[in-house]
Amino acid sequence: MMAVSQRGALFAFLALLGAGPLLLPEFYVTLLNYIGLYAIVALGLVLLTGVGGLTSFGQAAFVGLGAYTTAYLTTASDLPAWLALVGGSPWLALALGLAGTAAVALLLGALTLRLSGHYLPLGTIAWGISLYFLFGNLEFIGGHTGITGIPALQLAGVEVKSGRAFYYLIWIALLALVWATHNLLDSRAGRAIRALKGGSLMAEAMGVDTARLKIEIFLIAALFACVSGWLYAHLQRFVNPTPFGLGVGIEYLFMAVIGGAASVWGALLGAGVITVLKQWLQDLLPKLLGSSGNFETIVFGVIMVLMLQRARDGLWPLLARLVPVKSGEGQRQAPQGEALPRRQMPAAGTLLLEVNGATKRFGGLVACNDMQLTVKAGEVLALIGPNGAGKSTMFNLISGVAPLTAGEIVFLGSRIDGLTARAIAQRGMSRSFQHVRLLPTMSVLENAAIGAHMRGSKGVVPAALHLERVEEGRLLAEAARQIERVGLEKQMFEQAGSLALGQQRILEIARALCADPCLLLLDEPAAGLRYLEKQALADLLRRLRAEGMGILLVEHDMDFVMGLADRVVVMEFGQRIAEGLPEEVQRDPAVLEAYLGGVE
Amino acid sequence: MDLQITLLLGQDGITNGAIYALLSLALVLVFTVTRVIFIPQGEFVAYGALTLASFQAGKTPGTLWLLAGAGILVALIDLKIALAAGARQRIARILLWNLGYPAAITVLIFLGKPEGWPLAAQVLLSLALVVPLGPMVYRLAFQPAAEASVLVLLIISVAVHLALVGLGLLFFGAEGSRTPSFSDAALQLGSITVSGQTLWVLGSSLLLIAALYQFFGRTIYGKALRATAINRTGARLMGISTVMAGKLSFLLAAAIGAFSGILIAPITTIYYDTGFLIGLKGFVAAIIGGLASYPVAAAGALLVGLLEAYSSFWASAFKEVIVFTLIIPVLLWRSLTTHHVEEEE
Amino acid sequence: MTSTPLLEVKDLCVAYGKVEALHHANLKVAPGQIVTVIGPNGAGKTTMLCAIMGLLPKSSGEVSFLGRSEDGAAVEHMVGLGMNLVPEKRELFGEMSVEDNLLLGAFVNYRRGARDHGETMGRVFDIFPRLKERRAQQAGTLSGGERQMLAVGRALMAKPKLLLLDEPSLGLAPLVVKEIFRIISELKRTGVGILLVEQNARAALQIADYGYVLETGEMALEGPTKILAGDPRVIESYLGLGTCGVRV
């Protein structure tokens with residue numbers, strides 16, 4: 001819920017926007033029109049770059065695609081037969097432009113998003129240049145001269161012709177998209193998008209299809225750009241290739257970064273600042289320095305470099321600090337909602353996991369050699385061994401992070417080696433990470449809710465329209481329940497990054513529990529915990545075991561393991577050297593040698 | 001298209017491909033050592049060519065003022081840091097390289113009247129003027145953000161490109177320049193004539209590639225750069241400073257860029273913004289090599305050069321479209337041969 | 001140990017974001033002395049070494065090396081002064097030969113004009129004959145023990161005054177651990193100071209002169225190793241396995 005004062009600030013802003021064209025001279029209305037058009041594009045980049053950690057320099061080309069599609073379809077007199085049906089209608093042209101943009105974005109995304117992060121921007125640079133030259137050289141869209149005589153838009157029989165009328169159209173479209181983006185970020189899909197920046201390993205382990213999600217946000221950003229282009233064409237009534245070149249694409253990215261790429265309002269601020277600054281520099285600099293240059297690019301370049309060195313979060317956070325708006329601290333309550341359906345837990349004693357002859361080689365090193373182990377429902381199996389014995393490798397093999405070199409892993413009766421981490425997670429195995437992987441700026445509640453990702457199904461579109469509130473409420477309520485279960489309820493609305501390391505490990509367990517697993521894989525959960533915290537953790541694990549959960553525990557802390565585990569498997573040099581009850585293992589000469597041996 | 005034209009176009013393609021190869025090697029070098037995708041590489045191409053053209057026209061190139069200005073900025077920043085750390089022994093060095101060196105070049109240009117010099121001396125002077133801009137750009141733009149993500153470094157890189165193109169227009173104006181050929185000799189090979197400049201381009205490219213190979217394989221500084229590329233933490237633990245490695249790789253990239261510009265200036269007219277497209281073609285080649293492999297990048301560069309030459313014959317208006325669309329199958333191939341989503345640190 | 005300490009750490013604190021990983025740590029190392037820091041996983045041992053070395057920023061406290069306070073100095077600077085870290089992950093140059101890895105160990109001295117890396121490499125080969133056999137092989141293809149030897153050898157190429165060793169026994173077979181520890185105790189005789197961080201408490205306490213126990217970011221115990229090895233808390237937590245039974 002937004003606090004009243006936040007709402008007040010929003011209403012004041014909307015009132016100013018609404019009154020704008022009635023009060024301002026034509027010049028400023030035009031300027032605001034452009035700011036609105038640019039902000040739509042920058043908004044897509046906020047989602048893509050600021051939130052998702054991907055980027056594109058080719059947004060101007062998507063704008064061009066939207067503009068040229070409508071320009072051509074609404075003006076051409078000799079359309080090919082298959083297009084004749086849509087000729088003349090700007091609305092059908094918008095639909096077609098969006099479809100074309102989607103197709104290009106899907107292709108580029110599918111090609112580059114499996115590769116590391118910098119291939120997408122490089123691909124978009126190439127795409128931006130190609131399309132620009134294509135616009136300039138195709139005769140049927142007028143080459144470098146472009147297309148003139150684009151008709152005005154008709155809305156409910158009225159022609160939207162004047163700049164002032166268009167103003168409302170642009171800003172209503174922009175605000176609608178801001179609202180949708182804001183909604184999207186505050187949802188199941190939004191949390192997954194925000195998790196992308198933390199690397200795909202954690203997100204995939206929580207069941208998020210990161211590749212698909214990346215394509216989706218790239219697609220959204222491209223579609224926003226296309227809408228902006230369509231509006232531009234009907235505002236301007238002519239198009240030529242110049243505003244769709246790579247340089248403009250770069251400028252869009254600057255807007256998002258300078259405005260504050262992590263906030264939807266940053267897009268508006270960035271578009272405003274850059275547009276006004278550019279106008280001002282174009283007037284001012286030639287007077288100071290003579291007329292032979294394109295000085296604003298120099299100034300922009302330098303400002304951009306300084307911003308990225310000094311204030312990587314952009315201007316929006318600075319502005320937000322200057323204008324203190326109260327947020328809703330203090331009124332927050334743990335979210336309530338109907339419980340989510342639960343998995344049918346296997347009866348205690350059922351064989352959950354069986355590892356047979358698991359072997360992993362890295363080059364010449366054998367990290368895991370012919371490992372065997374089993375975990376049953378309602379038991380804690382501890383996997384121990386000296387540092388570097390291969391425990392973490394074993395963990396990664398079971399959870400699907402790394403492929404086996406040989407051997408097999410069976411979970412709930414079917415082979416899972418070869419499956420992705422996501423597919424394994426969906427079958428009911430959930431894990432924590434040795435090096436804590438939380439999203440430090442998200443709240444404890446939201447971090448835990450990422451674990452419940454697989455238990456919801458609503459995607460990007462319902463989230464943007466807030467049609468998924470019931471499901472969202474149930475997911476958050478589940479996250480709150482698991483947070484209470486592990487004893488972090490006092491910290492529920494704090495940022496995860498502000499928790500002590502021990503609490504962060506506990507939060508990782510809450511996140512894993514949100515997935516409703518029947519097998520829990522915990523990688524050194526007690527490391528860095530104090531004595532009382534360790535006791536609390538042991539109690540929690542005992543309760544889970546009593547409920548029939550199977551737990552595979554990799555741990556170093558012998559006290560912790562020996563007091564808790566039902567069975568212990570000891571590893572050294574990638575091999576199982578002992579297995580049995582804790583007491584037996586402690587007396588095993590091979591184990592004593594592994595832990596104490598070395599120097600006589 | 002008869003044999004004659006095929007051969008001629010092939011000659012063009014190989015000549016341009018050699019330049020793209022040089023640029024792609026510099027791009028791979030800079031990326032592996034510093035993680036910077038060096039978009040401004042093309043500006044060094046243009047600066048090199050246009051600085052030489054200015055000398056030949058008896059003008060003072062604007063790059064001189066850039067060198068002086070950047071030198072002053074670097075000196076101010078480094079002096080402040082050195083004084084704050086109480087490292088007085090560094091002061092002389094800072095002043096010498098950032099103020100003394102640009103001053104010396106200025107004196108040389110104003111007193112030496114380089115328009116009357118032999119070509120080789122003019123080339124050396126142009127390099128002496130443009131190449132130090134590489135490390136200075138690294139110092140000013142990239143070093144303060146050296147630990148940032150590849151993405152942030154890429155955006156900075158694009159911003160630097162924008163600023164340098166703007167400066168290029170300011171320094172050299174919108175008109176293009178072409179410099180005289182290094183040599184008027186020509187080689188008759190059967191039915192086609194290979195121009196002296198083409199031979200210069202090919203010969204110098206091969207020599208430079210061989211020299212780089214020696215540098216990386218034989219010298220401790222070359223090995224230190226490779227070590228930084230392989231394992232930054234490991235290299236730092238050996239006392240190989242990231243800053244030193246960054247400046248050295250930018251120095252090499254600037255030298256390769258400026259020299260490439262000087263090599264092709266007699267073949268193509270160079271404008272203040274020509275470098276960008278040339279640099280990007282180097283990029284397409286570097287991407288073919290996965291931004292990691294030098295030999296594959298060099299082979300990719302030849303492919304780009306040939307594709308460009310033949311498409312300029314068949315569909316000259318769409319030359320750039322075709323060259324940059326090449327990146328699509330390349331990315332497809334890379335994406336199919338990469339088996340997992342790479343985890344970014 | 002009357003001489004001025006090679007390394008003196010006072011009230012060193014390190015935090016990751018808001019989370020403190022090391023809390024007011026103090027320790028000293030004298031020339032020719034082996035000092036060990038033992039403690040469980042996650043106690044902050046590696047964090048401490050990285051902060052001393054300048055790889056991690058410290059939030060407060062002081063690190064003095066050779067009697068001079070090195071405030072906020074970067075790794076490269078510390079290496080130049082004669083402090084070398086052999087990290088837990090080894091951080092070798094996997095695609096380069098063993099010989100090139102060693103050569104780069106001498107980089108700081110080379111940069112200062114020294115050209116005696118050939119002789120130093122000869123001495124390293126005397127200590128680790130295995131490396132000499134493998135000199136042309138790529139570092140990435142070595143076995144675990146050989147990698148550790150290369151990591152130590154590479155650090156010795158810089159002729160360090162103080163060697164920081166992070167878990168040298170990690171993932172090594174007992175015989176190899178024995179060999180590495182024998183070499184460490186021999187290095188001591190050359191006057192090098194050694195700060196040894198280990199999980200293998202028994203081995204570490206056997207070769208070290210002085211020891212510290214680090215638990216959840218704090219120095220819990222310290223003392224000469226002979227006394228420390230007899231301390232019941234150390235015996236229970238780190239040296240024995242049999243006594244800890246069902247207690248949590």
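## Surface of chain C

Accessible areas here come from the Shrake-Rupley method with a 1.4 Å probe, and for residues only the protein chains shown count as cover. On that basis chain C exposes about 10,000 Å² of accessible surface, with carbon and sulfur atoms holding 51% of it.

A word on the ground rules: this is a predicted model, in which local features need pLDDT of at least 70, side-chain atom pairs count only at pLDDT 80 or more, and totals for chains, interfaces and linings use all residues. Residues are numbered from 1 along each chain as its sequence is written, chains are lettered from A and ligands numbered from 1 in the order in which they are written, and side-chain values use heavy atoms, leaving out hydrogens and water.

## How chain C is built

Chain C has 11 helices and 10 strands (DSSP runs numbered from the N terminus: H or I of at least four residues for helices, E of at least two for strands). Its radius of gyration is 18 Å, close to the 18 Å the globule rule gives for 248 residues, so chain C is as compact as a globular protein of that length. That radius is taken over C-alpha atoms, and the rule is 2.2 Å times the number of residues to the power 0.38. Along the principal axes, the C-alpha atoms of chain C fill a box of roughly 55 × 40 × 40 Å.

Of the 248 residues in chain C, 54% are buried (under 20% relative accessible area; exposed is over 50%, partly exposed in between, with a 1.4 Å probe and protein chains only). Take the contacts in chain C with a separation of 6 or more: 66% of them join residues 24 or more positions apart, a contact being heavy atoms within 4.5 Å. As for charge, chain C carries 28 positive and 28 negative charges, with mean positions 4 Å apart. Lys and Arg count as positive and Asp and Glu as negative, leaving out His and the chain ends; each charge is placed at NZ of Lys, CZ of Arg, CG of Asp or CD of Glu.

## A look at Thr47(C)

Thr47(C) sits in helix H1, residues 45-53 of chain C. Thr47(C) counts as buried because its relative accessibility is 9%. Leaving aside residues up to four places away in sequence, Thr47(C) touches Val14(C), Tyr16(C), Ala21(C) and Leu56(C).

## Over to chain A

Chain A has 24 helices and 12 strands, and its C-alpha trace spans about 90 × 50 × 50 Å along the principal axes. Buried residues make up 56% of its 600 residues.

The accessible surface of chain A comes to about 23,500 Å², 60% of it from carbon and sulfur atoms.
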